[in-house]
Amino acid sequence: MMADFTSPTPLSARVHRLASMDRDDDVKRPGRPASSYMSVSAESEAVEFETLLQESDGWLVYSVERAWTDEDAALVLLEVADAGLQRKIYFEEAFLDRGIRIHAPLGCRVAVVGFPVVEAWLAGHDVGPKVSFVGNTGRCGSTLFHRLLLWTGEVVSLSEPQWSDQLGKSDASRNATDAQLQRAVRTTALADFLLASKRFPPKAAAAWSLNPKGGSGRFQRAFAAAFPESKHLFLYRSCRKVTESFGSLGRHRATEAPTADNVHLRLEDAVVPGLREAFMKLSTVGVVRNVEAWCATVLEYLEEGSIDDTRKFVLRMDEFVGADTKHVVVPKALAFLDLGTTVDYDPADVDRNVFGVDSQKGSNMSRMTPTKAQQQQKKKEPFLTDTDLALIKDDILVKVFDRDHLKPKARLDGHDLILKGSAGIPF
């Protein structure tokens, strides 16, 4: 880690210059503090936040720091003034965290702004657009859905910003109280949406959407509490397919059994009693991290009462991308987000500009640009062994999901979860 520069200055922004940036496309390190990726000039100056925003339209939110504190929580913003670089970050890169690190120019201004200063600025803005949250299990089409929202031209869609990793996957989430986490989610999201909206068509200012990495249900519930009218769309895919997809990328195969503490952290929000114990039985299997994350994520979205049912919509990847189903379920999903009557839905145009492109182009999560690790993985034996498949499909998971207090609309069918709402019906 580089020197920490993120302590805020009371009543103003502390402004540095970007000295170095880690541009490595490494998704194994989500959610770390800004000082893990960048260094800044030792010299700095205190500038009124409003003055910074008046001077330049290039400011964008990168990270949130110390969200578990009441006094020292802060945002880190970078100034990317070049319109071409802005377009690459928001419209060409698959993930914002990666896009900002790759394209932020050395020497650009870096501002550290405390929450009280940001909140005072937000208080002067009328913030009333439609807000949505795209939850997902990972490897299930959520980035493709982000591309769909960009295609509409009517949504400010943010795909995997650094701060969502921090609030969903790191100590910022685990150490914060519910009130601190909700404050951090609302303050950071509003600032990011407002600043990002300057790069989008004017009509997109009426609808905002956050597409984080598949992760903590606590983060998702904090978002629901921070934005009480928000809609929550959940994309998922079978446990086996998610796990195989990660495996094909040469990722996420545990070389040794995870510790009980690690399993606990991944399953801290699980709603089924005994889930952690069940996964300790899976700990001899290399795919345990994928299986536990998939199950915990799905269960969180099935939790009774966590979000009002009228605000939920479930979309299964097979139906989202299926030739016979995509143009049935996609308009329903857009209608659920209150975009169904405003978007001129042209199936041929959607096929060409959404389904016909690589949604993760340039990223090492893309199948189209295999890394050395991915190429090596393809030469090995199949990622899922017979033992893996048996445990994913067999009694352990069946027993975990077969609980009386789970909603009757969900059932386990082999290794896959089938939801009544998966055909485009909110559950």
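Is F223 buried or exposed, and what is its relative accessible area? In this structure F223 is buried, with a relative accessible area of 0%, where buried denotes under 20%, exposed over 50% and partly exposed the range in between (1.4 Å probe, protein chains only). The model is predicted, so that local features require pLDDT of at least 70 and side-chain atom pairs pLDDT 80 or more, whereas totals for chains, interfaces and linings use all residues. Residues are numbered from 1 along each chain as its sequence is written, and side-chain values use heavy atoms, with hydrogens and water left out.

Across the whole structure, twelve aromatic pairs are found (rings of Phe, Tyr and the six-membered ring of Trp, centres within 6.5 Å; planes under 30 degrees apart are stacked, over 60 edge-to-face, the rest tilted). One of these is the edge-to-face pair of Y90 and F200, at 6.1 Å centre to centre and 75 degrees between the planes. Because Y90 belongs to helix α2 (residues 83-92) and F200 to the loop between α8 (178-196) and β9 (207-211), the pair ties together parts 110 residues apart in sequence; helices (H or I, at least four residues) and strands (E, at least two) are DSSP runs numbered from the N terminus. Y90 is buried at 3% relative accessibility, and F200 is buried at 7%.

The rings of F133 and F223 form a tilted pair, with centres 5.0 Å apart and planes at 50 degrees. This pair links strand β7 (residues 130-136), which holds F133, to helix α9 (residues 217-226), which holds F223, 90 residues apart. F133 is buried, at 2%. F133, F219, F223 and F227 form one aromatic cluster.
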